[in-house]
Amino acid sequence: ESLGRIEDLKPRRPFLLLDVREPDDYLRSHLVYSDSYQHIRLNRAFDYETREMLRLKNQAGSIIVMYDDDESLASKCATTLTQRGYDNVFMLSGGIRVAKLKYPESLVVTGESSIARLEEGELL
């Protein structure tokens, strides 16, 4: 129960980055502030949304961005969520592959550093 209260004290971002690759790929590298979201959850009729997805769903000034390596999975996931009523879901063009090329040190967390995630207010 105390964990829930700590969670409530954390600043809420107006965006959600969802990495739809396999969890092992997420652990190897991912975008700063992103969460792992197993794309197979979308096969479910119920319980496919995370708490953060529900919090941001169709909220003014909020976006949900899905990404993978090369747009192959993220495009399908974004389409599925749009069909299920989301109007603020987007796909990261080029995926993490392009993000690594354009912003290799500031946007992508890799290796051991990916385990200790940055918290709000920390510098890259």
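Good morning. Leu-18 stands opposite Met-66 in S4. This is a predicted model, in which local features need pLDDT of at least 70 and side-chain atom pairs count only at pLDDT 80 or more, while totals for chains, interfaces and linings use all residues. Residues are numbered from 1 along each chain as its sequence is written, and side-chain values use heavy atoms, with hydrogens and water left out.

I begin with the sheet. Strand S1 (residues 15-19) runs parallel to S4, and five bridges join the two. Strands here are DSSP runs of E with at least two residues, and helices are runs of H or I with at least four, numbered from the N terminus. Two strands pair if DSSP finds at least two bridges between them. The order S3-S1-S4-S5 makes an open sheet of four strands with parallel pairing. Strand S3 (34-36) and strand S5 (89-91) each have a single partner strand and stand at the edges, so one side of each is left without a neighbour in the sheet.

Next, helix H5. Which residues of helix H5 are buried? In H5 (residues 95-102) they are Gly-95, Ile-96 and Ala-99, where buried means under 20% relative accessible area, exposed over 50% and partly exposed in between, with a 1.4 Å probe and protein chains only. These residues lie on the same side of H5 because they cover an arc of only 115 degrees around the axis, taken from the directions from the helix axis to the C-beta atoms.

Finally, His-30 is in strand S2. His-30 is buried, with a relative accessible area of 2%. Thank you.
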